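Take a first look at the model shown here.

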Amino acid sequence: MNFKRHVAHLRKAALIGGMVVIALLLAADVFARVGGGGSYGGGGGGGGGGGGGGGAGALVYLIVRFLLWLTIEHPVIGIPLDIIVIAAVIYWFSRPSRSAVNIASSSILSPDPVATAVQQRDFQRAFNQLRRFDPNFSEIIFVDFCYALYGRAHESRGRGPKALDELSPYLSETARASLLQLNPPNLKAVEGIIVGAMQVVDVRGLDTPTVLISVEFDANYTEFTPRAGDPRGEMSYYVRERWELERKRDVLSPTPEQATALHCPRCGAALQKDTVGACAFCGTRIDSGEFQWYVRRITTLSREAKGPLLTSDVPEVGTNYPTVMQPNFPAVRAAFEQNNPSFSWADFQARARLIFNELQEAWSMVNWERARPHETDNIFQMHRYWIDAYQRQGLRNALDQYKINAMQPVKIKMDAFYNAITLRIFAEGYDYTVDKSGRIVAGSNKNLRRWSEYWTFIRYTKAKPTPSRADLNCPNCGAPLKINATGICEFCGGKVTSGEFDWVLSKIEQDESYAG
């Protein structure tokens with residue numbers, strides 16, 4: 001009798017354990033949305049396996065049902081198996097989770113976000129030190145330059161060695177050879193080059209005449225290699241590359257317009273070489289970073305046709321973390337307000353709210369052109385990377401009934417060309433991913449998701465002291481907001497996305513990686 005009662009208790013415990021298994025497996029949320037999620041190169045976290053009723057949920061249901069049957073009908077086998085399964089599930093959910101890659105930041109997170117935050121803080125100190133030798137150095141301009149050069153380099157390799165050689169003032173012979181090694185036979189073009197993220201991974205040489213900076217890119221591009229039976233020969237690749245750049249430490253950085261134009265670094269003329277490989281206009285042969293950043297070496301870390309994994313589970317991390325404030329922020333804020341008497345926090349936050357809402361709508365509707373007026377070139381390109389990844393897999397990530405709960409200023413940074421303000425934005429909404437048939441494959445449209453992120457907005461230091469706009473009109477001419485693919489207003493010709501006229505979004509960083 002005691003034995004029967006003992007078995008009954010075991011069956012009851014197994015039944016409860018099975019229900020816990022179901023609850024744990026179906027409670028997982030996704031981590032996608034415009035501000036974060038997904039993973040580069042087909043791995044890591046993005047999307048999720050939350051309560052959407054997808055195929056994974058049905059499989060879990062069948063497995064748990066089988067375990068319950070086995071426990072009741074064959075307890076000698078079922079109960080030990082239940083214990084093993086429950087222990088495995090508890091271990092799985094209690095172990096340190098892998099961090100999600102921030103799809104809207106210019107950083108690629110390492111497996112240890114704390115180490116990444118410390119590393120990024122060290123890089124900020126290094127950049128501050130570099131400004132002692134080069135007062136014009138701007139991290140914003142440096143990132144824009146790297147994005148522009150990356151796209152130009154891969155587009156040029158698609159046109160052959162001669163076209164790539166035109167970039168010799170920026171790319172060493174070794175770097176150009178590394179790019180050409182990627183070319184398959186009969187390559188006709190490389191198009192659709194989109195940088196998903198760029199991260200500084202090393203800064204050194206600040207105590208020497210030459211500064212060295214290593215960056216890593218996550219990107220995708222499409223190669224066209226016609227072949228028999230396939231006249232287009234279209235193949236898209238997701239890649240990770242490391243570029244090692246150098247430059248004389250004491251060189252004065254160019255203005256934003258000059259930095260990304262990719263003209264001769266010596267005289268500013270169009271890139272054109274003479275018979276000995278020197279600039280056809282000034283006669284200078286450039287094979288180092290004497291005038292501008294110069295890529296000494298390129299290493300391909302990974303290259304595969306498989307796109308990012310967009311339906312795996314990554315929990316929200318850091319929403320309840322204490323806010324990371326800039327050291328002595330009240331004094332920095334007071335000095336900024338004194339130097340910018342026309343600045344209004346109410347107007348600025350109204351514009352930030354407008355940009356937040358427009359980005360969520362553009363993302364959910366898979367209409368990223370709607371977001372074009374509100375982002376710098378590099379973050380717009382990075383968001384396109386993820387829109388493209390979702391579309392290629394027949395998926396759409398949606399955010400419904402979203403709203404901002406709070407916005408907290410945490411940092412103000414000024415350089416020779418830009419003012420930058422970082423807000424910690426607390427928000428909530430229903431975050432889920434659907435396939436072409438409208439079936440939810442990740443996330444939930446019933447379980448509210450709350451999160452916070454650090455959004456950085458930039459504006460030219462010499463912008464006209466006019467109030468920030470919180471409407472969909474050009475901040476320069478006031479006409480209805482209509483810009484072309486390069487961010488130029490079709491009415492006044494002003495580059496709206498540069499921050500020349502009003503605040504635009506430059507970066508989004510996740511709580512667990514933000515270093516201040």
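## One residue and its contacts

Begin with Asn419. Leaving aside its neighbours within four places in sequence, Asn419 is in contact with Phe336, Asn340, Lys413, Met414, Phe457, Ile458, Arg459, Thr461 and Trp503. Contact here means heavy atoms within 4.5 Å. Asn419 sits in strand 6. Its relative accessibility is 7%, so Asn419 counts as buried. The cut-offs are these: buried is under 20% relative accessible area, exposed is over 50%, and partly exposed is in between (1.4 Å probe, protein chains only). Strands (E, at least two residues) and helices (H or I, at least four) are DSSP runs, numbered from the N terminus.

This is a predicted model, in which local features need pLDDT of at least 70 and side-chain atom pairs count only at pLDDT 80 or more, while totals for chains, interfaces and linings use all residues. Residues are numbered from 1 along each chain as its sequence is written, and side-chain values use heavy atoms, with hydrogens and water left out.

## Confidence

pLDDT is the predictor's confidence in each residue, from 0 to 100. The protein averages a pLDDT of 78. A score of at least 70 is reached by 77% of the residues. Where is confidence lowest, and where is it highest? Helix 1 (residues 2–26) is lowest, with a mean of 43. Helix 7 (residues 173–180) is highest, at 96.

Two stretches call for care. Over residues 1–31, pLDDT stays under 50, and the model has 52 contacts beyond four places in sequence for them. Residues 92–111 also stay under 50, with 73 such contacts. Where pLDDT is low, the predicted coordinates should not be read in detail.

## Salt bridges

A salt bridge is a side-chain nitrogen of Lys or Arg within 4 Å of a carboxyl oxygen of Asp or Glu. How many does a search of the whole structure find? It finds 25 salt bridges. Three of them are set out here.

| Pair | Closest N and O atoms |
|---|---|
| Lys403 and Glu428 | 3.8 Å |
| Asp502 and Arg459 | 3.9 Å |

Take the pair Asp502 and Arg459, joined by a salt bridge. Asp502 lies in the loop between strand 8 (449–460) and strand 9 (504–510), and Arg459 lies in strand 8, so the pair ties together parts that are 43 residues apart in sequence. Both Asp502 and Arg459 are buried. Elsewhere, salt bridges that share partners join Arg157, Glu223 and Arg303 into one network.

Next comes the salt bridge between Lys403 and Glu428. Lys403 lies in strand 5 (residues 395–414) and Glu428 in strand 6 (residues 418–435), so this pair links parts that are 25 residues apart in sequence. Lys403 is partly exposed, at 43% relative accessible area. Glu428 is buried, at 11%.

Four strands form an open sheet in the order 1-2-3-4, with antiparallel pairing. Why is one side of strand 1 (189–204) and of strand 4 (294–304) left without a neighbour in the sheet? Each stands at an edge and has a single partner strand. From one strand to the next, the twist averages 20°. Axes are lines fitted to C-alpha atoms, for helices over the stretch in contact, and angles run from 0 to 180 degrees between N-to-C directions.

Two strands pair if DSSP finds at least two bridges between them. Strand 3 (residues 234–248) and strand 4 pair over nine bridges, in the antiparallel sense. Val239 has Arg303 in strand 4 as its bridge partner. Helix 5 (residues 139–157) lies across strand 1, strand 2 (210–224), strand 3 and strand 4. Helix 5 runs at about 140° to strand 1.

Glu216 is found in strand 2. With 11% relative accessibility, Glu216 is buried.

## Two positive phi angles

Val366 is not a glycine, yet it has a positive phi of about 55°. Val366 lies in the loop between helix 10 (345–364) and helix 11 (377–392). Gln401 is not a glycine either, and its phi is positive, about 50°. Gln401 lies in strand 5. Gln401 is exposed, with a relative accessible area of 65%.
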